[in-house]
Structures are given as C-alpha cells and as structure tokens.
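Good morning, and thank you for coming. I shall speak today about one protein model, taking its contacts and its strands in turn. Please look at the structure as it comes up.

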Amino acid sequence: MNLLVSLAVSVFLFTASVVQAADPVEKLQYLATYKGIFTLSETINICDVSLIQRTHEPKGYQETQMNVSSEKYGFVESMFPIRYRFTSWLDPSRKQTWVYEVFERTGDKEAKHHLVRLDQEGKDFKKSDVKAAEQALLDGLAAGDFDQPDKTDYPIQYDRLGLLHALRGMLLQAGQEVLLSVTNGKEPLRYRVKVEADKTLKLNGQQWPALKLRFESFKPDDAELKEATHRPIYIWLSNDAEKIPLLAEMRHRFGLFRIAYVGGSANHPVTAKD
C-alpha cells in the first residue's frame, strides 16, 4: 500500500533545514484517506499533508513544498510508517522547474534523499544522492541564495509537484488541454492535463466553485498518447485567481485514495460558498 500512497501524494519527513527559509506565503493543510480492500471498504485516515509555497526575494524564484506524515495514524504507523518531503524550486514565472528534492523514509527502510537538477544544458535531468555538495545547494536554495542559470537552452520541463504549482499560475477553462514535459527522476514523461469541468465541488459540508483536472502520464515515444503509465488522477482547483488545490483522487484496483483540503492560510482568504 505504501507505493500507492506515494504515487497519490507525489502528484500532488518532517526534518529541519540547516538554513532558515523565508516565511511561507501560503500554507495549506490536507488529510489523506483510503477506502478499499485493506480496510474492508471502510474509510480511514492515513496521512497529514501540508502544502507550502514561498517566493524568495529579491531573486523572485518560487519554492513549493509538500510534507507527508502518517505519525498521527496508528493503523498506518503499525503497518508501514510514511514520511515524505517533496520540494521544488521554479523560475519566477513558474515556467520551469530548476531543482527538486525528495526525502523519503518509509517502514523500517533507511531514509532516501536525492535531488534532481533540470537546468542542465543538453540533458533532460541529472539525479544525485544528497551529500555535502548537494546539501550546500539545497541550503542555498532554501535561503533564497540561488542564481538563475546563465544557460537557457536546456529542455523545459517540470517535476510532478512543480507541474501542479505551474498549473495554478495558468489561465484555465473547461475543455482545455495542456501537454507538458515532466520527469520523475528516472525518465522523461509527457503529462496531459485536461480541464474536465467547471462546477461546484461539495467538500466537508461546503460548496466551492472549482475546476476539475484530469492528469494522465505517457512515455515520450507514445506520440498518440494511447497507453497511460498510470490510472488517471483527478485534482480540483478553486476557480479563482489562486487556484487552491481542494481535492485529489486516485482510484486503484486496491481502493480509493483522497487528499482533501482541511484548512490553512493562503495569499487570499480561502472561503467557500455557504
């Protein structure tokens, strides 16, 4: 089940950085749930998720971070404890991921910590385990002390979390399709994102004007986009200037995973219609 949880949250760890980061502009809180064969079709809470966004001034580049922890949920902790941190740094216009980081500690396995650079000339990406040099780079990024790459002829692409952040900055409307290059650190992928609907989302007893997005991933040689690499993932964004992620759903043969917004502070008041 850990692999499914990882996939669900990575489309969309709690360790302190050596460097104090800028105050978050936005911090949103979510609750991840699962319903399926492992719980006899009962819905259980499995993880707390936070989504943090910062702009590093004066250079203006963007940072978005997702933290995931099952610490509060005994059932998951007893079976397979989950800790993740995903961090992406994008150019000021959100049109390119420069660097992203993944920290993972699950079950009784040793922690894994790596970064992927997408600003490499002539390469799709470069993945490295985090050692002294890589940690220095991460510290500089977190402190706002990272210079925009001089070279601009590298492929334009995103990581999955950076993709979500980029979509929040786009003008979207029902029926629209966006095709973007993404990497998972192992291979390049093509993501097709379709805005399936513009309608009210009922969530936690409230109603939100929302855009429903469908995410599908394809191998780069699948020119006709016929064979998706995973089942569709759906994410609802608030239909306003900020496009707050409200809900993510992934149906798998083992059950339904949901990540639902439960509160937080944003660039504007996050409110639903009564």
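A salt bridge is a side-chain nitrogen of Lys or Arg within 4 Å of a carboxyl oxygen of Asp or Glu. With that rule in hand, consider Glu-224 and Lys-226, which form a salt bridge with their closest N and O atoms 2.9 Å apart. Both of these residues are exposed. Please bear in mind that this is a predicted model.

By this rule, the structure holds 14 salt bridges. Another of them joins the side chains of Glu-187 and Lys-219, at 2.8 Å from N to O. That pair links distant parts of the chain: Glu-187 is in the loop between β8 and β9, Lys-219 is in the loop between β10 and β11, and 32 residues separate them. Glu-187 counts as partly exposed because its relative accessibility is 26%, and Lys-219, at 34%, is likewise partly exposed.

Glu-216 and Arg-214 provide a further case, with their closest N and O atoms 3.1 Å apart. Is Glu-216 buried or exposed? Its relative accessible area is 10%, so Glu-216 is buried. Arg-214, at 22% relative accessibility, counts as partly exposed. Through salt bridges that share partners, Arg-192, Glu-196, Arg-214 and Glu-216 belong to one network.

I turn now to the aromatic residues. A search of the whole structure finds 9 aromatic pairs. One of them is formed by Tyr-30 and Tyr-261, in an edge-to-face arrangement with 5.8 Å between centres and 70° between the planes. Tyr-30 lies in strand β1 and Tyr-261 in strand β13, so this pair ties together parts that are 231 residues apart in sequence. Tyr-30 is buried, with a relative accessible area of 1%, and Tyr-261 is buried as well, at 7%.

Trp-98 and Phe-146 form a tilted pair, 5.5 Å centre to centre and with 45° between the planes. Trp-98 belongs to strand β5, while Phe-146 is in the loop between α3 and α4; the pair therefore ties together parts 48 residues apart in sequence. Trp-98 is buried at 2% relative accessibility, and Phe-146 is buried at 9%. Elsewhere, Tyr-34, Phe-38, Phe-254 and Phe-257 form one aromatic cluster. Lys-212 lies over the face of Tyr-234, 4.8 Å from the ring centre.

Why is β5 described as largely enclosed by the rest of the structure? The reason is that 8 of its 10 residues, numbered 97-106, are buried. Strand β4 pairs with β5 in the antiparallel sense over 9 bridges, and Tyr-84 stands opposite Glu-104 in β5. The hairpin of β4 and β5 has 6 residues between the strands, and there Arg-94 takes a positive phi near 65°. β5 is also joined to β6, by 6 bridges and again antiparallel, with Val-102 opposite His-114 in β6. The hairpin of β5 and β6 has 5 residues between the strands, and Gly-107 in the turn has a positive phi of about 55°.

Finally, a word on confidence. The mean pLDDT is 85, and 86% of the residues reach 70 or more. Confidence is highest in β11, at a mean of 96, and lowest in helix α1, at 46. Over residues 1-7, pLDDT stays under 50, and residues 267-274 also stay under 50. Where pLDDT is low, the predicted coordinates should not be read in detail.

Methods
Residues numbered from 1 in each chain as written. Predicted model: local features only at pLDDT ≥ 70, side-chain atom pairs only at ≥ 80, totals over all residues. Heavy atoms only, no water. Helix = DSSP H or I, 4+ residues; strand = E, 2+ residues; numbered from the N terminus. Buried < 20%, exposed > 50% of the residue type's maximum accessible area, 1.4 Å probe, protein only. Pairing = 2+ DSSP bridges. pLDDT = per-residue confidence, 0-100. Contact = heavy atoms within 4.5 Å. Phe/Tyr/Trp six-rings, centres within 6.5 Å; stacked < 30°, edge-to-face > 60°. Lys NZ or Arg CZ within 6 Å of the ring centre and 35° of its normal.
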